[in-house]
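Student: I would like to go through this protein step by step. Could we begin with the terms and then turn to the structure?
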Amino acid sequence: AALPHTLSLPAVDAVVVHAGLVPHTTLADQTPRDMTRMRSLLADGTASDAPGDASWAELRAEAPLVVFGHDAKRGLQVHANAVGLDTGCCYGGSLSAIVLPERRLVQVPALQMYSEPGERGKG
């Protein structure tokens with residue numbers, strides 16, 4: 001609980017967060033719940049845990065680059081200002097990484113399925 005919710009990487013103009021950042025909202029004004037649970041944005045612009053609504057990452061227009069996970073159902077997401085690296089390794093997908101600042105993606109296939117999708121949470 002005492003650890004920060006984001007990791008700022010000013011040398012490569014990026015920030016790392018578990019789940020997401022609400023677009024057009026300063027880092028100081030993000031809520032811990034959004035940073036740890038958000039997957040989508042509702043029509044009114046509020047954060048949602050549910051996949052299937054608008055992708056916050058796709059809608060992010062401002063810098064810095066946000067690198068995030070927590071959205072295995074959408075898989076790899078590469079947008080101008082956000083990159084989602086959750087490619088479902090625990091479900092038998094791939095383990096994904098990004099090399100900054102060049103934004104080179106690296107993926108390694110999982111050796112096996114460690115968990116069934118939906119077994120813990122919603123994948």
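Tutor: Helices (H or I, at least four residues) and strands (E, at least two) are DSSP runs, numbered from the N terminus. This is a predicted model, in which local features need pLDDT of at least 70 and side-chain atom pairs count only at pLDDT 80 or more, while totals for chains, interfaces and linings use all residues. Residues are numbered from 1 along each chain as its sequence is written, and side-chain values use heavy atoms, with hydrogens and water left out.
Student: How many helices and strands does the protein have?
Tutor: The protein has 2 helices and 10 strands. Their order from the N terminus is β-β-α-β-β-β-α-β-β-β-β-β.
Student: What share of the residues is buried?
Tutor: Buried means under 20% relative accessible area, exposed over 50% and partly exposed in between, with a 1.4 Å probe and protein chains only. Of the 123 residues, 37% are buried.
Student: A new topic: how many aromatic pairs are there?
Tutor: Rings of Phe, Tyr and Trp (its six-membered ring) pair if their centres lie within 6.5 Å; planes under 30 degrees apart count as stacked, over 60 as edge-to-face and the rest as tilted. By this rule there is 1 aromatic pair. Tryptophan 56 and phenylalanine 68 form this tilted pair, with 4.6 Å centre to centre and 55° between the planes.
Student: Where in the chain do the two residues lie?
Tutor: Tryptophan 56 belongs to helix H2 (residues 56-59) and phenylalanine 68 to strand E6 (residues 65-68), 12 residues apart.
Student: Are they buried or exposed?
Tutor: Both tryptophan 56 and phenylalanine 68 are buried.
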